[in-house]
Amino acid sequence: MQADAFDSSGPDLLLIGGGLANGLLALRLSQVRPDLDVRIVEAADTLGGVHTWSFFESDLTASQQAWIDPLVAHRWSGYAVRFPQFDRSLSTGYRSVTAERFAAVVSAALPGQIMLGAPVVSVSETEAVLADGRRLMARAVIDGRGPVNTPDLALGFQKFVGLEVRLAAPHGLTAPIVMDARVDQAGGYRFLYTLPFDDRTLLIEDTRYTDAAELDRDVFRKGVLDYAAQQGWDIAEVLREEDGVLPVALDGDITAHLTRLGPTALSGLRAGLFHPTTGYSLPDAVRLADRLANDFQGVNLAADIRRHAGEVWAARRFYRLLNRMLFRAARPEERYRVLERFYRLPQPLIERFYAAGSTLADKARILSGKPPVPIGAALTCLVEKGRA
Ligand SMILES: Cc1cc2nc3c(=O)[nH]c(=O)nc-3n(C[C@H](O)[C@H](O)[C@H](O)COP(=O)(O)OP(=O)(O)OC[C@H]3O[C@@H](n4cnc5c(N)ncnc54)[C@H](O)[C@@H]3O)c2cc1C
């Protein structure tokens with residue numbers, strides 16, 4: 001807890017929530033604009049919560065990879081996917097940021113400028129009010145308190161529970177298995193995700209794409225344990241557990257969403273800045289941090305971020321169409337076929353897809369051929385109802 005720094009009249013920027021988007025922004029500002037007084041106020045006792053944030057090397061530019069490199073705790077030179085009819089190894093690099101590393105690096109970059117254990121109850125463009133009644137003033141405020149329920153966006157969900165486990169014997173994996181769909185599909189699209197942190201330590205996640213947001217942790221936990229047993233991995237100890245319910249964007253009106261959240265500048269999931277299909281937000285958070293740090297004026301922040309979020313949402317219409325096909329047209333037990341077919345496509349196309357940078361030719365290629373969903377149902381998905 002480093003609250004003393006907040007007694008001054010008001011910093012240049014006050015970040016509400018010390019999660020992924022605000023932490024990356026604070027780090028980038030400390031590198032590019034060390035002249036700015038940037039503070040973070042976080043409800044929890046630590047920055048970053050309980051997360052492992054992963055991304056593909058190809059999601060980021062070389063310069064972005066360089067500046068977030070201190071946060072990367074694990075790196076691999078490729079990854080694998082497994083489907084009932086098809087296995088593949090890809091040579092795209094994969095990286096993981098752990099919450100522990102994130103908290104350590106961001107804290108070191110902002111000494112005395114982080115207030116922990118301080119829930120905020122209201123925010124405005126220049127002020128935050130803490131639960132204990134204290135008011136914090138700033139020249140600018142960014143609200144990055146994570147996802148919020150929204151009636152303006154139609155969402156499906158990618159839900160998961162992950163167990164970090166220590167095995168009794170080496171597992172033999174040299175690269176992540178980002179999707180292993182050779183498991184019971186449990187009425188949706190289901191796959192297991194495994195990251196080998198060292199020769200005996202794995203993070204194993206049971207992930208399911210479903211319509212409803214509820215997460216039955218016991219069922220998912222059992223899914224992980226059963227999978228580990230099937231692979232012959234003898235778990236000596238469960239070190240840690242994390243879970244998530246990530247948004248999968250199907251349709252929506254981003255302008256209405258941002259307007260409903262009021263005039264304060266937003267970041268991260270709250271601003272709708274996530275990949276529509278994976279729910280992952282690290283690359284978008286890196287891009288927003290770069291954008292703001294490279295031209296930080298402290299004024300018009302909310303309008304600038306709103307414009308950026310609107311443009312990003314509009315540019316990703318194609319991914320929402322694919323999601324509607326996955327969620328609304330494909331029979332639940334057949335959804336894996338959509339992904340199995342996708343993973344037969346060329347690696348650069350797959351990389352651009354995850355970076356949300358698909359070209360027109362990529363989009364045509366992804367949609368060409370006999371779709372693995374009933375054609376009539378697919379056609380009903382074509383029209384997006386929300387305004388982009
Ligand atoms: C377990 C998990 C794993 C994920 N893995 C990946 C991944 O591998 N790659 C990827 O790109 N994405 C991943 N995601 C998705 C997404 O990137 C994360 O959810 C990401 O953390 C969202 O960033 P954010 O900054 O919007 O919110 P968060 O990182 O959730 O940050 C919000 C912060 O605000 C704080 N807060 C909330 N309310 C208040 C309040 N009232 N006052 C003060 N502080 C408050 C919270 O404590 C939190 O620290 C994962 C999500 C989860 C849940």
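## Briefing: a predicted protein model with its ligand

Among contacts in the protein (heavy atoms within 4.5 Å) between residues at least 6 apart in sequence, 76% join residues at least 24 apart. This is a predicted model, in which local features need pLDDT of at least 70 and side-chain atom pairs count only at pLDDT 80 or more, while totals for chains, interfaces and linings use all residues. Residues are numbered from 1 along each chain as its sequence is written, and side-chain values use heavy atoms, with hydrogens and water left out.

**Overall form**

- The C-alpha atoms of the protein fill a box of roughly 65 × 50 × 40 Å, taken along the principal axes.
- Buried residues, meaning those under 20% relative accessible area (1.4 Å probe, protein chains only), make up 56% of the 388 residues in the protein.

**Around the ligand**

**Atom distances to the ligand**

- An oxygen atom of the ligand lies 2.5 Å from an N or O atom in the side chain of Ser 281.
- For the backbone, a polar atom of Leu 20 is 2.9 Å from an oxygen atom of the ligand, and a polar atom of Val 120 is 2.9 Å from a nitrogen atom of the ligand.

How values were computed. Polar contact = N/O pair within 3.5 Å; in protein donor to acceptor, adjacent residues only side chain to side chain. Buried < 20%, exposed > 50% of the residue type's maximum accessible area, 1.4 Å probe, protein only.
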